[in-house]
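Student: I would like to learn how to read a structure that is new to me. Could we take it one feature at a time?

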Amino acid sequence: MSQRHPIIAITGSSGAGTTSVTRTFENIFRRENVRAATVEGDSFHRFDRKEMRTRLSEAERTGNKHFSHFGPENNLFTELEALFRSYGETGQGRRRKYLHDPVEAAPYDQEPGTFTPWEDLPPETDLLFYEGLHGALVTPEVNVAQHPDLLIGVVPVINLEWIQKLWRDKNVRGYSAEAVTDTILRRMPDYVHYICPQFEHTHVNFQRVPMVDTSNPFIARDIPSAGESLVVIRFANPKGIDFPYLLSMISESFMSRANTIVVPGGKMELAMQLIFTPFIWRMMERRKRAFGVL
């Protein structure tokens, strides 16, 4: 953790909704005039799309049924921790981008599914913002979770997560339901060992819970809407959180535990704005004080 060079990390599994959280923070950064160096977790995959397919085929031929993007063999965990450590100490580091689709790839004149070259982070940024799979990872070899000043977990209940992945991969990426189901099953051991344990290290967790039947996600025709959901927000340390203020500002919200507030699904971004804007204020005040500006 660093007062001069703070880090915010959003962690969650594929299709969990971390992109919506990123959009909310981008709005906060723009409004509060915060210069953020953004890092995408997918850029720390070890292999590009073509090479990953080759490796997957090889794994299947050798009987490895659990080869996935979630585990250590397919990610640069050491390099991710090194980036966090470097930024916390110096405000510098290196990043690259993973180009998901033709729109992202076009400006770089590259194929979708490839990485851009490594490059230095922009100079004189106020904080590092990470969004991806492993922002709170802890293994015997690496401890990514020790570096961020604010760790946020985003995860839907498991059946909703599967519905979101099935819908996205079928309708956006053109995969068959069978192919997506195979991916879900293949990822499960790494999901249990490398994704779920991260949420014990996060400072705030957001979990979307649908209020409609999701008992068989593999036959669902659409994703439950925000209006059909509740969001459970759990604070690891509720000290300093103004729950009465949040309850007064977010209609139909309620406390389910002493450290947990539940809000309507459609109010999740509002809740994030109310919760995290003061965090950013305090972070920037500490940064200025550390540099002797105040």
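Predicted model: local features only at pLDDT ≥ 70, side-chain atom pairs only at ≥ 80, totals over all residues.

Student: Where does Ser68 lie?

Tutor: Ser68 is in the loop that runs between helix H2 (49–61) and helix H3 (77–90).

Student: Is Ser68 buried or exposed?

Tutor: A residue counts as buried when its relative accessible area is under 20%. Ser68 has a relative accessible area of 2%, so it is buried.

Student: Which residues is Ser68 in contact with, leaving aside its neighbours within four places in sequence?

Tutor: With those neighbours left out, Ser68 is in contact with Met52, Glu73, Asn74, Arg186, Arg187 and Asp190.

Student: How is empty space inside a protein found?

Tutor: Rolling a probe the size of a water molecule over the atoms shows where empty space is left. Here, a search of the whole structure finds two cavities of 30 Å³ or more. The largest cavity holds about 90 Å³ of space. Ten residues line this cavity, and those closest to its centre are Phe70, Glu161, Trp162, Ile184 and Arg187.

Student: How does the lining of the largest cavity divide by class?

Tutor: Six of its residues are nonpolar, one is polar and three are charged.

Student: What lines the second largest cavity?

Tutor: Its lining consists of Gly41, Phe44, Asn75, Leu76, Phe77, Leu80, Tyr130 and His134. The space in the second largest cavity is about 30 Å³. By class, five lining residues are nonpolar and three are polar, with no charged residues.

Student: Leu80 is in that list. Where is Leu80 found?

Tutor: Leu80 is found in helix H3. Its relative accessibility is 2%, and Leu80 therefore counts as buried. Not counting residues up to four places away in sequence, Leu80 touches Phe44, Tyr130, His134 and Val144. Phe44, Tyr130 and His134 also belong to the lining of the second largest cavity.

Student: How far apart are Leu80 and Ile184?

Tutor: Distance can be given along the sequence or through space. Leu80 and Ile184 are 104 residues apart in sequence, and their C-alpha atoms are 25 Å apart in space.

Student: How does Ala271 sit in helix H8, buried or exposed?

Tutor: Ala271 lies in that helix and is buried, with a relative accessible area of 1%. Beyond residues up to four places away in sequence, Ala271 touches Ile233, Ile250 and Val263. Ala271 and Arg208 are 63 residues apart in sequence and 13 Å apart in space, from C-alpha to C-alpha.

Student: Where is Ser253 placed?

Tutor: Ser253 is in the loop between helix H7 (243–249) and strand S9 (254–257). With a relative accessible area of 15%, Ser253 is buried. A polar atom of its side chain lies 2.6 Å from the backbone oxygen of Ile250. Leaving aside neighbours within four places in sequence, Ser253 is in contact with Leu246, Leu247, Ile261, Val262, Val263 and Pro264. Ile250 and Val263 are also touched by Ala271.

Student: How many helices and strands does the protein chain have?

Tutor: The protein chain has eight helices and ten strands. Its radius of gyration is 19 Å, close to the 19 Å that the globule rule gives for 294 residues, so the chain is as compact as a globular protein of that length. Buried residues make up 47% of the 294 residues.

Key:
Residues numbered from 1 in each chain as written. Heavy atoms only, no water. 1 Å grid on protein atoms, 1.4 Å probe; cavity = no way out; pocket = protein on both sides within 12 Å on 5 of 7 lines; lining within 4 Å. Points joined across faces, edges and corners; volume = space filled by probe spheres on them. Nonpolar A, V, L, I, M, F, W, Y, C, P; charged D, E, K, R; others polar. Helix = DSSP H or I, 4+ residues; strand = E, 2+ residues; numbered from the N terminus. Buried < 20%, exposed > 50% of the residue type's maximum accessible area, 1.4 Å probe, protein only. Polar contact = N/O pair within 3.5 Å; in protein donor to acceptor, adjacent residues only side chain to side chain. Contact = heavy atoms within 4.5 Å. Rg over C-alpha atoms; globule rule 2.2 N^0.38 Å.
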